[in-house]
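Please look through the sequence and the three-dimensional structure shown below before reading the report.

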Amino acid sequence: MPKPSLVVAALAACLFFASLASCSATMPATGSLERTMEHAVDGQQYNYLLEVPDAAERPEAGWPILIFLHGAGERGDDLERVRFHGPPKLVTEVPELGRCVLAAPQCPADEWWQISSLRAFVEELLERTDVDPDRVYLTGLSVGGYATWNLLAAYPDVFAAAVPICGGGQMGRVFPDFPNGFRLEALLEAKHVPVRAFHGELDPIFPPVESTMLVEALQAAGGDAEVTVYAGVEHDSWTETYANLDLYTWLFAQSR
């Protein structure tokens with residue numbers, strides 16, 4: 001029978017290594033990482049890209065975090081597709097993106113963003129990464145723009161600012177067969193969240209009224225919301241938007 005001192009030592013060692021494992025789960029390494037959600041929610045378990053800055057430069061309150069939601073063309077199981085557009089593509093070119101945690105989930109092929117699944121994803125990020133909960137930012141393009149509006153409406157107290165691009169609220173207005181639980185009244189509960197929306201004037205897929213009507217509703221309710229409609233631009237209103245360095249200066253100055 002082992003001596004009590006040896007048993008205590010073994011238990012201590014087990015606790016020590018368990019604590020290391022726990023720390024590694026909540027403190028991802030610096031750099032460009034690929035991760036998977038811990039649990040599936042409503043049938044979706046997202047793979048995602050995670051860009052983590054150098055720990056030596058960490059702000060006292062934790063890193064700001066930017067969550068990016070891609071469009072329909074980047075769905076699937078190849079995470080490199082998520083780098084086709086937006087912040088994941090520009091992460092080495094925009095200095096502000098190197099000073100935040102950037103999280104970019106991938107929607108499975110032939111599926112659409114589920115708001116409950118995205119909420120679970122955001123909660124997992126806040127638990128497992130060293131971020132400032134008062135500086136959680138949200139952006140997305142096309143169907144990711146719709147998901148941005150919908151996630152903001154469903155969970156109005158999570159985000160410090162949102163940047164929806166060529167999106168809208170009720171996708172069923174454009175595609176009648178698309179199921180959607182968006183409610184304008186719920187979005188108005190997020191009127192305290194600053195929003196900067198962008199849309200192309202000639203967008204043939206999602207007309208700009210999808211953005212302007214939501215911004216006008218927020219403004220009428222006293223919210224801090226603005227929309228930019230690019231003259232002569234069709235669906236790709238994201239390239240110009242994400243290339244604008246002033247956008248990031250504004251975004252990362254916001255706090256919940």
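## The model and its confidence

This is a predicted model, in which local features need a pLDDT of at least 70, side-chain atom pairs count only at pLDDT 80 or more, and totals for chains, interfaces and linings use all residues. Residues are numbered from 1 along each chain as its sequence is written, and side-chain values use heavy atoms, with hydrogens and water left out.

The pLDDT, which is the predictor's confidence in each residue on a scale from 0 to 100, has a mean of 89 over the protein chain, and 88% of the residues reach 70 or more. Over residues 4–25, however, pLDDT stays under 50, and for this stretch the model has two contacts beyond four places in sequence, a contact being heavy atoms within 4.5 Å.

## The chain as a whole

The protein chain has eight helices and eight strands; helices (H or I, at least four residues) and strands (E, at least two) are DSSP runs, numbered from the N terminus. Of its 256 residues, 48% count as buried, where buried means under 20% relative accessible area, exposed over 50%, and partly exposed in between, with a 1.4 Å probe and protein chains only. Among contacts between residues at least 6 apart in sequence, 75% join residues at least 24 apart.

Rolling a probe the size of a water molecule over the atoms shows where empty space is left. A cavity is a set of points, on a 1 Å grid over the protein atoms alone, where a 1.4 Å probe fits but cannot get out, and its lining residues have an atom within 4 Å of a point. Grid points are joined across faces, edges and corners, and a volume is the space filled by probe spheres set on the points. By this rule there is one cavity of 30 Å³ or more, and the largest cavity has a volume of about 40 Å³. Its lining consists of Leu 66, Pro 87, Thr 139, Val 163, Tyr 242, Leu 247, Tyr 248 and Leu 251.

Helix 8 (residues 245–252) gives the most to this lining, with three residues. The buried residues of helix 8 are Leu 247, Tyr 248, Trp 250, Leu 251 and Phe 252, and they pack against strand 3 (63–69), helix 2 (87–90), strand 5 (131–141), strand 6 (161–165), strand 7 (195–200) and helix 7 (238–242). At the start of helix 8, a side-chain oxygen of Asn 244 reaches to within 3.0 Å of the backbone nitrogen of Asp 246.

## Two buried residues in helices

Glu 210 has its place in helix 6 (residues 209–220), and it counts as buried because its relative accessibility is 2%. Leaving aside neighbours within four places in sequence, Glu 210 is in contact with residues including Gly 167, Arg 173 and His 199.

Ser 117 lies in helix 3 (residues 115–128) and counts as buried because its relative accessibility is 0%. Beyond its neighbours within four places in sequence, Ser 117 is in contact with Met 37, Val 41, Asp 42, Gln 44 and Tyr 46.

Val 227 is found in strand 8 (residues 225–230) and is partly exposed, with a relative accessible area of 28%. Apart from neighbours within four places in sequence, Val 227 is in contact with Ala 197, Ser 211, Thr 212 and Val 215. Val 227 and Val 163 are 64 residues apart in sequence and 9.7 Å apart in space, C-alpha to C-alpha.

Key: 1 Å grid on protein atoms, 1.4 Å probe; cavity = no way out; pocket = protein on both sides within 12 Å on 5 of 7 lines; lining within 4 Å. Polar contact = N/O pair within 3.5 Å; in protein donor to acceptor, adjacent residues only side chain to side chain.
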